[in-house]
Amino acid sequence: MSHEFRTVLFDVADHVATITLNRPERLNAFNEAMVGEIGEIWRIVRDEDDIHTVVIRAAGDRAFCTGVDAQEGPWWQDQAVFRQQDPGAILGAKAQQVWKPVIAAVQGMAAGGAMYFLNEADIVIASEDATFFDPHATAGLVSALEPIGMLQRGIPLGDVLRWALMGNDERITAPTALRLGIVSEVVPRAQLWEHAGALAASIAARRPDAIQGTVRAIWEALDVPPSIARQRGLAYTQLGNGQQAPDVGIPRVKPTFR
């Protein structure tokens, strides 16, 4: 299965959808066209049962994504203020009700609005050359939704504040991102895409209802009190497991150790 887009590459094979941000000449910054195409892709991913997992990655060596394209600028500001929608409401998988696991593979710069992708990914891995920073402060702009998303992922408050306030003057390296929990693994650049694909393939081989119920229960637990999260989690086990017998046999693939 393949689809044609202008700003991204999208392909589905063996139950894994691969999204490749494809504006390397603009450091994979997103513009109105890319946001629209990403929104369309999330709808395909959500509604197509043959897709079990997703890998999101980026073309080129310099950057995963550097946020909104500064040359084109915000395209929504001519709209009435209460009709304006932040790009994160479209770029984030969970904002689009996608409960299929998303694996993000980050190389080079991940700046500002790149966190819209990463904050709503289920697994984030990075190459050794990856750096994370927020250019908003340097440009004299408020940084709000991206750091709020980082807090929801459990990134320490002090580190989120430092990331948001230092602007271009400080960059979080891959080892520091690993320590802070921004990423869960750092791999050599040459292995990044292959490793992300292997993780996705392993998860895609599991029972889809079980995986998607797990993802949804965990993410929705962030938004409600613990007692409600437990009630909802129990309901999801009853809905998603049904009469499915648990698989307690020997794993069919060799475990991965980090």
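Predicted model: local features only at pLDDT ≥ 70, side-chain atom pairs only at ≥ 80, totals over all residues.
1. Helix α4. Helix α4 spans residues 145-152, and its buried residues are Glu 146, Pro 147, Gly 149 and Met 150. When the helix is viewed down its axis, these buried residues fall within an arc of 155 degrees, so they line one face of α4. After α4 comes Gly 154, which has a positive phi, near 90 degrees.

2. The loop between β2 and β3. Two residues here deserve attention for their backbone angles. Asp 14 is not a glycine, yet its phi is positive, at about 55 degrees. Asp 14 is placed in the loop between β2 (8-13) and β3 (16-21). His 15 lies in the loop between β2 and β3 as well, and although His 15 is not a glycine, its phi is positive, at about 70 degrees. As background, most residues other than glycine have a negative phi. The two residues may also be described by their accessibility. Asp 14 has 70% relative accessibility and counts as exposed, while His 15, at 32%, counts as partly exposed.

3. The four-stranded sheet. An open sheet of 4 strands runs in the order β5-β7-β9-β10, and its pairing is mixed. The edges are formed by β5 (63-65) and β10 (172-173); each has a single partner strand, so one side of each is left without a neighbour in the sheet. The pairing of β5 with β7 (residues 109-111) is parallel and extends over 2 bridges. Within this pairing, Ala 63 has Met 109 of β7 as its bridge partner.

4. Salt bridges and the pair Arg 46 and Asp 47. The model contains 8 salt bridges. In general terms, side chains of opposite charge can pair when their charged atoms come close. One of the bridges joins the side chains of Arg 46 and Asp 47, with an N to O distance of 3.0 Å. Arg 46 counts as partly exposed at 30% relative accessibility, and Asp 47 is exposed at 53%.

5. The salt bridge of Lys 94 and Asp 122. The side chains of Lys 94 and Asp 122 form a salt bridge at 3.1 Å, N to O. Lys 94 sits in the loop between α2 (88-91) and β6 (102-106), and Asp 122 sits in the loop between α3 and β8 (123-127), so the pair ties together parts that are 28 residues apart in sequence. With a relative accessible area of 8%, Lys 94 is buried. Asp 122, at 23% relative accessibility, counts as partly exposed.

6. Helices α8 and α9. The axes of α8 and α9 come within 10 Å and cross at roughly 170 degrees. Angles over 145 degrees count as roughly antiparallel, and α8 and α9 are therefore roughly antiparallel to each other. On the α8 side, Asp 209, Gly 213, Arg 216, Ala 217 and Glu 220 meet Arg 232, Tyr 236 and Gly 240 of α9. A salt bridge also joins Arg 232 and Glu 220, whose closest N and O atoms are 3.3 Å apart. This pair links distant parts of the chain, with Arg 232 in helix α9 (residues 226-241) and Glu 220 in helix α8 (residues 208-220), 12 residues apart. Arg 232 counts as partly exposed at 30% relative accessibility, whereas Glu 220 counts as buried at 12%.

7. Val 186 and its surroundings. Val 186 is placed in strand β11 (residues 185-187) and is partly exposed, with a relative accessible area of 26%. The C-alpha atoms of Val 186 and Ile 125 are separated by 5.9 Å, although these residues are 61 residues apart along the chain. When neighbours within four places in sequence are left aside, Val 186 is in contact with Ala 126, Ser 127, Glu 128, Ala 174 and Leu 178.

How values were computed
Residues numbered from 1 in each chain as written. Heavy atoms only, no water. Buried < 20%, exposed > 50% of the residue type's maximum accessible area, 1.4 Å probe, protein only. Arc of directions from axis to C-beta. Pairing = 2+ DSSP bridges. Salt bridge = Lys/Arg side-chain N within 4 Å of Asp/Glu carboxyl O. Contact = heavy atoms within 4.5 Å. Axes fitted to C-alpha atoms, helices over the stretch in contact; angles between N-to-C directions. Parallel < 35°, antiparallel > 145°, perpendicular 65-115°, else oblique.
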